[in-house]
Amino acid sequence: MIKEVIVVEGKQDVQAVRRAVDAECIATGGFGLSPYCLQRIEQAYDKRGLIILTDPDSAGERIRGFLSQRFPAAKHAFVSRESATANDDVGVEQAAPEAIRQALAKVRYLEWQPAAEFTRADMTGAGLSGVASAASRRAAAGASLGIGYANGKSFLHRLNHYGVTREEFNRAIAKLGQVSEAEHDPAHHC
């Protein structure tokens, strides 16, 4: 059994996590967290620790941000957007057990002393922004690094706040291959 309590958004997410691993879960019920739910999360945080596993969408990111501020030592797991998409829906409940196990195997800590290791130049140079394939490259790199999918600004934030090393970044980018010269050429986009 996983020591930490896993915080997800809904009851179907709880079922999906339990199909993947033996773990206790708390469902937030979306962003409208009740005082009782917050109290349960706080007790779990104090006694066993938390892993936050929200949906890879904007609502999930808002809930993750709220919980991160309230529970700064919580761990973070990210299921990839690709593996959490099915039936015209995006969510942890759509992810296969193996995808959830992979996300939990790459748990990250939010670092309150963020590094400034990565810059916008790294993002552009790696084809994670400024090229047509940037979104798909961020999705693949995020899955490889265990920081999930995000837009360019949020992805850069995660690189610098979730303890990603330069070596891990370089390995993830090498798996993606090079961006073609045509994609880096601004005239190509006109």
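Residues are numbered from 1 along each chain as its sequence is written, and side-chain values use heavy atoms, with hydrogens and water left out. Because the model is predicted, local features need pLDDT of at least 70 and side-chain atom pairs count only at pLDDT 80 or more, whereas totals for chains, interfaces and linings use all residues.

Helix α1 (residues 11-20) packs with helix α4 (residues 97-105) at an angle of about 85°, their axes lying 8 Å apart. Helices (H or I, at least four residues) and strands (E, at least two) are DSSP runs numbered from the N terminus; axes are lines fitted to C-alpha atoms, for helices over the stretch in contact, and angles run from 0 to 180 degrees between N-to-C directions. The two helices, α1 and α4, are therefore roughly perpendicular to each other (65 to 115 degrees). Ala16, Val17, Arg19 and Ala20 of α1 form the contact with Pro97, Ile100 and Arg101 of α4 (heavy atoms within 4.5 Å). Of these contact residues, five are nonpolar, none is polar and two are charged (nonpolar: Ala, Val, Leu, Ile, Met, Phe, Trp, Tyr, Cys and Pro; charged: Asp, Glu, Lys and Arg; polar: the others, Gly among them).

Asn87 lies in the loop between β5 (85-86) and β6 (89-90). Although not a glycine, Asn87 has a positive phi of about 55°. Asn87 is exposed, with a relative accessible area of 69% (exposed: over 50%, with a 1.4 Å probe and protein chains only). Asp88 is also placed in the loop between β5 and β6. Its phi is positive, near 60°, in a residue other than glycine, and Asp88 counts as exposed at 86% relative accessibility.

Definitions and conventions: Angles under 35 degrees count as roughly parallel, over 145 as roughly antiparallel, 65 to 115 as roughly perpendicular and the rest as oblique. Buried means under 20% relative accessible area, exposed over 50%, partly exposed in between (1.4 Å probe, protein chains only).
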